[in-house]
Structures are given as C-alpha cells and as structure tokens.
Amino acid sequence: MEKVFPKLQGEPWRVLEFYSGIGGMRYSLLSAGIDAKVVQAFDINNKANDVYQHNFGDRPYQGNIESLTAADIDSYEAHVWLLSPPCQPYTRQGLQKQSGDARAFSFLKILELMLQASRPPVMLFMENVVGFETSDTHTKMIEILEKAGFSRQEFILSPMQFGVPYSRPRYFCLAKRKPLSFQKQLYNNQLLSSPSPLLENDADLEIIENHGSQATSDKLLLSCEPICRFLDNSNHQNEFSFCDDSSIHREVALEKNKDVDEQDIGSFNQYLVPSSLIDRWGSAMDIVYPDSRRCCCFTKSYYRYVKGTGSLLAPFEAERMGKAHSLKEQNLRYFTPREVANLHSFPEDFRFPQHIGLRQRYALLGNSLSIAVVAPLLGYLFAEPS
C-alpha cells in the first residue's frame, strides 16, 4: 500500500473541488464548520465560474480536467477530493450510456490519477443522481477505490430527510484511505437510504431496499418545514400567513439583501405561469402551496418547461380550500431563483452576478446540490473515530 500523507497538526485540510459549479461543495464545507482550504476548484462552465468567483473571490480552473497529470495532482498536495461529476450519463431521461458517455470520461480519468499520483487523496466525497449506483461507472469507481486502499460508505439521501421540503434524492459516496477510518465502520461497503449513521441513534437505519415505503414518506412529510419558510417575496404577505413570525423575519432579511438578485432581472410578473401553458400542461403540473411540506426536484430546464422540471406555487392557501375552480384562478407562479437556492439551503448571502440571466440561473441551480444533505455528510466524513 502507498504511503498516506495526512495533514499536519494545526493546518487546514487541503481540498480539490472537481466540477465545482456554483460552489455547493464549498458552501457545504463552510456549513459543516470544517477547517479546510479549497486549494483549487475545477469547472468547464464559464457562467458557473462567474458565479463561483462572484461569491468566493477566486476563479475555478476552466481547462479540460482530462488533461491533468499525476504530477499536476501531486503539486496541489491535497488531502481531500470533492467531486460532483456530470449526471447525464446516468439519468433516466438520458441515453444511459454510462461510462461510454463522453461526459463520464473526465471522472474516470480523475479516479485513475489516484493510482498514479505519489500524493493521492486520503478522503474522497462524490455526489451524483440516483441511478449512478447501478452503472458500470460505479463499478469501476469501486474497483479503483478498493485498489487504492479506501474504505467506503454509500448513501441515497434527500433533503426531506433533513427537514427541508424538497424531494431531491441523490447518491453519495464517502471514502477514506486506510489507515483512516469512519466513526461507524459497521456501515462500510453498504448502500444506505437513511442518515442514521450521521446521528447518535442508529435505530432508524433503513437499507436501500426499504426506501420509499408509505410509512417512511408520511414520516418525512411531518418532519419537514412548510414551503413558506423558503419563499422570498415578502411583498405578498398572504403567502406567509401560515408560517410563524420567524419565517417573516427570514423574509425581511432576504428582502434587505436582494441588491443583486431577482430585482435586477425584472418584474415579479415574469414568474407567473402563462395561461397558454396552463391550458396545455395543467394536468401534468406539480402544484404546491405555502403550507405544503414537499416540492419536486428543480431541474436545469425549470422555467423553460413546466412538465417534469419542478413544482409550481399556488401562492394563496384560500385557493386550496375550494374558492378557485380552475388552475388559472390560482395565480400559479414559478419559484424564483432565490427560492430555489433557499431550498438547496444556500446561504442568504449567496448571489448571482447581474449579467447571469434568469434561465441561466435556473440551469446552474438545477445542476447544483443540497447543502442541507452534503454538509452533514462531510462532517461525518471528516470526523475522527472516537
């Protein structure tokens, strides 16, 4: 086995952030309170890098990461790799070419560099869509991790399991290079659908085969906060009438910090769903209300299309009680980019640069991750055994 290079006492963990997007992994590190330094981020998307630089000050490397060599990796002296590679090769809507998809090549190349580098990482965190866990890319990843001397724990988790009313299940792989070990080694080499290993009490552990039962779904809904806690349009107070005062305070705080947010793009009216779309797609729309405790996953095509791209909001609870007799009377609107960011648990000071257009904001958010899920997973990954 190759030598492990742990970090020195008192120094921060040195992190490489691959496929950095708009910074979800970095925000998750901050949210988890981990003493870490991102020594380099990598992303091919110019607009995503504009957003990343706007919020963090430094710009990700924008070249083709397939051109990276083992010597390049060694030069960063990084302890940890965070990866959120393209999901298109594994989505149900895609061609499912898996490792044969060109968008999977860079991830496989990065994994192979672990076997070639003289200073490979001691920890790895990877996020992708549900479906990755049954792909041949996953098989190759596991083979490389085992060959490189890693132990691993895998999860399929959703923000709803962390109290956020957002159904966005994702696959996660946490890996530690021996002799480093997890706090709860009982779960090594398992794929879990419960965050129980992150908690003190493991009693609610559910293996992936039991995920999705009606009893579990009902329990999740009851544990989630209402959607009104995540809305940002404090000019429409009726949308928040079913939340307590703390939610209103949150909206006021958000309103004060909207200097480079939705107000720079245009009128709020642009978020209203046109009647023509309601006529055509009304029966296929997922409609939620301020007191709902679940909304669907927002994809990168949200706002461009209404079918299967995310939920729409009927702002007033009174409409739900039967006073409206048609969808057109419910004032349906899209969630704003700020609200989608809220449901992703991005911090209130997260901002888009003004030149990033509305559809680009939705696309970038649709490709991002849930900080509410990733932060506790990272906390668990970095924790030392007691």
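Start at Val80: this residue stands opposite Met123 in β4. Two strands count as paired if DSSP finds at least two bridges between them. Helices (H or I, at least four residues) and strands (E, at least two) are DSSP runs, numbered from the N terminus.

Before moving on, note what is on screen. This is a predicted model, in which local features need pLDDT of at least 70 and side-chain atom pairs count only at pLDDT 80 or more, while totals for chains, interfaces and linings use all residues. Residues are numbered from 1 along each chain as its sequence is written, and side-chain values use heavy atoms, with hydrogens and water left out.

**Stop 1: the sheet**

Stay with β3 and select residues 80-83. β3 and β4 run parallel and share four bridges. On its other pairing, β3 meets β1 (residues 13-18), again parallel, through four bridges. Pick out two partners here. Glu17 is opposite Leu82. Phe18 has Leu83 as its bridge partner.

Now look at the side chains of β3. Val80 and Leu82 point one way, Trp81 and Leu83 the other, and all are buried. Buried means under 20% relative accessible area, exposed over 50%, and partly exposed in between (1.4 Å probe, protein chains only).

Seven strands make an open sheet, ordered β2-β1-β3-β4-β6-β5-β7, with mixed pairing. β2 (36-42) and β7 (191-192) are the edge strands, each pairing on one side only.

**Stop 2: the helix across the sheet**

Select α4, residues 105-116. This helix lies across β1, β3, β4 (123-129) and β5 (150-157). Its direction is at about 165 degrees to β3. Axes are lines fitted to C-alpha atoms, for helices over the stretch in contact, and angles run from 0 to 180 degrees between N-to-C directions.

**Stop 3: aromatic pairs**

Show the rings of Phe, Tyr and Trp (its six-membered ring); they pair if their centres lie within 6.5 Å, and planes under 30 degrees apart count as stacked, over 60 as edge-to-face and the rest as tilted. The count comes to 22 aromatic pairs. Select Phe18 and Phe42: their ring centres are 4.8 Å apart and their planes at 10 degrees, so this pair is stacked. The pair links distant parts of the chain, with Phe18 in β1 and Phe42 in β2, 24 residues apart. Phe18 is buried at 0% relative accessible area. Phe42 is buried too, at 1%.

Next, select Tyr303 and Tyr362. They form a stacked pair, 5.3 Å centre to centre with 20 degrees between the planes. This pair also joins distant parts of the chain: Tyr303 is in the loop between β8 (287-288) and β9 (312-313), Tyr362 is in helix α11, and 59 residues separate them. Tyr303 has a relative accessible area of 16% and counts as buried. Tyr362 is buried at 2%.

Ring pairs link Tyr166, Phe298, Tyr302, Tyr303, Tyr334, Phe335 and Tyr362 into a cluster.

**Stop 4: helix α11**

Contact means heavy atoms within 4.5 Å.

**Stop 5: cysteines**

How many disulfides are there, taking a disulfide as a pair of cysteine sulfur atoms within 2.5 Å? The count is zero. Select Cys295: the nearest cysteine sulfur belongs to Cys296, 7.2 Å away. Cys295 is buried at 0% relative accessibility. Cys173 is also buried, with a relative accessible area of 0%.

**Stop 6: colour by confidence**

Switch to pLDDT, the predictor's confidence in each residue, from 0 to 100. The chain mean is 84, and 78% of residues reach 70 or more. Then select residues 203-211, where pLDDT stays under 50 and the model has 21 contacts beyond four places in sequence. Residues 234-238 also stay under 50, with nine such contacts.

**Last view: the whole chain**

Zoom out. The chain has twelve helices and ten strands. Of its 386 residues, 53% are buried. Among contacts with a separation of 6 or more, 70% are between residues 24 or more positions apart.

Terms used
Disulfide = S-S within 2.5 Å.
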